[in-house]
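Please examine the sequence and the structure before working through each solution.

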Amino acid sequence: MKVSEYFIFSLKEAPKDAESKSHFILTKGGYIKKLASGIYDFTPLGFKVLKKIEDVIREEMIRINCYEVRLPIMTPSELWKETGRWDVYGKELIRFKDRNEREFCLAPTHEEIITDLVRFFVNSWRNLPFSLFQIGPKFRDEARPRFGIIRAREFIMKDAYSFDRDEEEAENTYWKFYRAYERIFERLNIDVIPVEAAVGAIGGKFSHEFIFLTDYGEDKVMECEKCHFISKKEIASFFVDVDKLMGELMREAQNQNKAPKKKVHTPATTTVEKLAEFLNIPTSKIIKSFFIKTQRGNYALCLVRGDRQVSEDKLAQYIGENFELADESEVKSIFGAGKGFIGPLRYRGRIIVDRTVLYCKDGVAGADEDDFHYINVVPMRDFPVKEIADISLAEEGDICPKCKSGNLREKKGLELGHVFYLGTKYSEPMELTYTDKDKTKKYVVMGCYGIGVSRVLASLVEKFGDERGVAFPPEIAPFKVHIIPVNIKDEIIAETTFKIYSEIKDVSLLDDRDDISPGEKFADCDLWGAPIKIVVGKLLKDKGKIEIINRLTGERKEVEAEKVKEEVEKYLNAKNE
RNA sequence: CGGGGCAUAGCUCAGGGGCGAGAGCGUUGGCCUUGGGAGCCAAAGGUCGCCGGUUCAAAUCCGGCUGCCCCGACCA
């Protein structure tokens with residue numbers, strides 16, 4: 001491709017609001033242009049990279065017998081009402097009406113749509129299993145679009161859906177996709193870490209996110225600084241030596257000299273902070289109690305150390321269902337006190353004790369009486385410790401649950417892919433069934449698998465970009481070679497340049513503009529992403545040589561014009577094997 | 001959704017009740033130059049976001065709206 005014949009441009013001044021590296025480079029290099037908040041045009045250059053990424057994904061999907069479809073983005077509300085998501089999705093769903101006042105939305109994801117397609121076709125066990133995918137736009141009216149295409153309102157996603165006959169078959173399919181994802185990201189040269197994701201109680205059995213570590217991520221992850229184990233912060237575990245702590249507590253509980261619990265007046269200490277300040281003790285001495293009501297209507301009292309935060313995801317996972325905090329009147333009628341003053345000392349129902357509470361050897365807990373707490377509270381002595389669970393958020397400095405020695409550090413990550421075992425979450429409400437060999441009707445077992453394609457592009461720029469521009473790895477670079485004739489008006493340079501270009505035309509971008517300075521050409525070369533830079537200039541005049549620079553490694557070679565094609569091929573083949 | 005900010009040329013921005021509304025970059029024409037966005041000459045290019053108000057007079061002051069940006073909340 002010749003620059004003079006292409007639609008390609010760059011900006012001298014990138015907009016100041018470009019916050020992340022990828023936003024800056026992609027805008028400055030003319031890959032994308034903002035149309036509205038969180039909505040972007042892709043230019044031929046940007047679209048070219050996007051398609052390379054899509055091609056890698058497409059190949060790997062086809063490799064696992066996943067078939068490509070094209071689903072509408074304008075979708076009728078009826079389908080969303082079948083699963084209840086019309087109401088569950090809030091303002092993020094872009095809704096509108098057609099001329100007949102029928103409600104529609106722009107699809108943010110396609111579970112309902114694909115399930116509708118599939119139920120039209122599937123009747124028998126003979127039709128199963130199979131999986132389908134598509135690559136296309138998704139619409140989510142994000143409250144705050146950010147970092148260019150990292151968090152956009154319209155973005156490109158690959159979404160796949162699997163349909164199996166039973167759980168076992170579906171699990172196998174899940175892991176098949178999981179492995180395909182590993183291959184995809186490896187081929188894309190992007191380092192992702194598969195981490196278990198929160199599924200809540202409704203999601204099903206498994207879910208993994210493929211996380212790319214970057215400051216522009218929106219997910220918090222905990223990483224062990226020693227063994228580099230990574231987990232999402234919401235569900236990250238951390239090491240607590242429960243046996244040792246229980247042994248210590250046991251001795252404390254039996255120690256006759258230990259001060260007995262004592263009721264003290266603590267007026268208006270409705271929060272942990274106020275209580276700690278009032279008693280002049282660290283928050284870590286307080287045993288925080290909160291009372292929950294589960295989806296099935298059961299109650300439980302949960303205890304967490306005062307300086308710790310409960311993880312709603314971990315707690316939901318632990319009890320196996322969703323829950324909410326019991327309301328004030330329920331708490332009052334069961335404990336006889338308001339929320340800030342309840343404790344485990346008299347409660348006879350289910351008590352879930354977070355492991356961090358085991359550190360409290362003379363703690364403070366609510367007295368079940370407004371404006372009163374007990375001090376010198378010893379777990380096991382003063383209340384039963386039967387159910388020990390891991391329900392608090394991991395924090396910086398906690399011990400890694402895997403190697404049990406390194407410290408956890410909080411980092412930011414960006415979700416590039418997500419695999420989800422759905423079970424019958426959609427097939428049940430939407431009546432996607434088949435008749436099995438035994439003539440009984442069964443629900444199809446589903447999974448869904450997404451990759452944020454445009455977000456992968458941004459991540460690649462985050463990884464391979466610098467202040468001046470970006471050099472993509474050959475497999476995804478828009479052009480593999482960027483040819484710069486320093487002065488194309490010079491006949492010798494022009495002749496040599498066009499000769500080289502004719503030999504490697506298919507993979508090259510030739511900057512044949514004759515009206516701009518060399519500096520401008522070099523600047524654009526930095527921006528336009530080719531991993532190989534070929535310069536035809538004074539070296540040709542002086543020594544008859546061409547300069548080849550590998551922008552990814554910085555390696556520089558001087559070769560004769562006749563050898564350029566060979567050199568380029570050598571490099572590309574080495575990278576591709 | 002809460003808090004804050006911005007809106008003037010294609011881009012980045014200056015100006016601040018009245019005078020022909022400005023700069024740099026970009027664009028067009030001419031010249032010069034060719035190893036890191038170089039230089040000279042000339043020209044084109046504006047609903048000063050929209051609606052209303054105050055005023056003899058509004059791009060400028062006031063109010064509303066819209067859009068965009070930032071912080072936070074939210075983000076199967």
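**Exercise 1. Identify the elements that supply at least two residues each to the surface near RNA strand B, and state which gives the most.**

Step 1. The elements are β1 (32-36), β21 (408-423), α13 (518-527), β27 (532-536) and α14 (538-543). Helices (H or I, at least four residues) and strands (E, at least two) are DSSP runs, numbered from the N terminus.

Step 2. The greatest contribution is that of α13, with eight residues.

Step 3. A note on the basis of these values: this is a predicted model, in which local features need pLDDT of at least 70 and side-chain atom pairs count only at pLDDT 80 or more, while totals for chains, interfaces and linings use all residues. Residues are numbered from 1 along each chain as its sequence is written, chains are lettered from A and ligands numbered from 1 in the order in which they are written, and side-chain values use heavy atoms, with hydrogens and water left out.

**Exercise 2. Give the strand order of the open five-stranded sheet, and locate the helices α12 and α13 on it.**

Step 1. The order is β26-β25-β27-β28-β29, with mixed pairing. Two strands pair if DSSP finds at least two bridges between them.

Step 2. Because β26 (508-510) and β29 (556-559) each have a single partner strand, they stand at the edges, and one side of each is left without a neighbour in the sheet. From one strand to the next, the twist averages 20°.

Step 3. Strand β25 (residues 481-485) pairs with β26 in the parallel sense over three bridges, and H482 stands opposite L509 in β26.

Step 4. Helix α12 (residues 491-503) packs on the sheet, touching β25, β26, β27 and β28 (546-550), and its direction makes about 165° with that of β25. Contact means heavy atoms within 4.5 Å. Helix α13 lies across β25 and β27, at about 175° to β25. Axes are lines fitted to C-alpha atoms, for helices over the stretch in contact, and angles run from 0 to 180 degrees between N-to-C directions.

**Exercise 3. Is strand β7 largely enclosed or open, and which strands pair with β7?**

Step 1. Ten of the ten residues of β7 (residues 130-139) are buried, so β7 is largely enclosed by the rest of the structure. Buried means under 20% relative accessible area, exposed over 50%, and partly exposed in between (1.4 Å probe, protein chains only).

Step 2. Strand β3 (residues 66-68) runs parallel to β7, joined by three bridges, and Y67 has L132 as its bridge partner in β7.

Step 3. Strand β8 (residues 154-164) pairs with β7 in the antiparallel sense over ten bridges. There, L132 is partnered by Y161.

**Exercise 4. Examine the backbone at P129, A268 and K404.**

Step 1. Most residues other than glycine have a negative phi, and most peptide bonds are trans.

Step 2. The peptide bond from L128 to P129 is cis, with omega near -5°. P129 lies in the loop between α5 (111-121) and β7.

Step 3. A268 has a positive phi, near 60°, and is found in the loop between β13 (262-265) and α8 (272-279).

Step 4. K404 has a positive phi near 60°, and its place is in the loop between β20 (387-389) and β21. With a relative accessible area of 46%, K404 is partly exposed.
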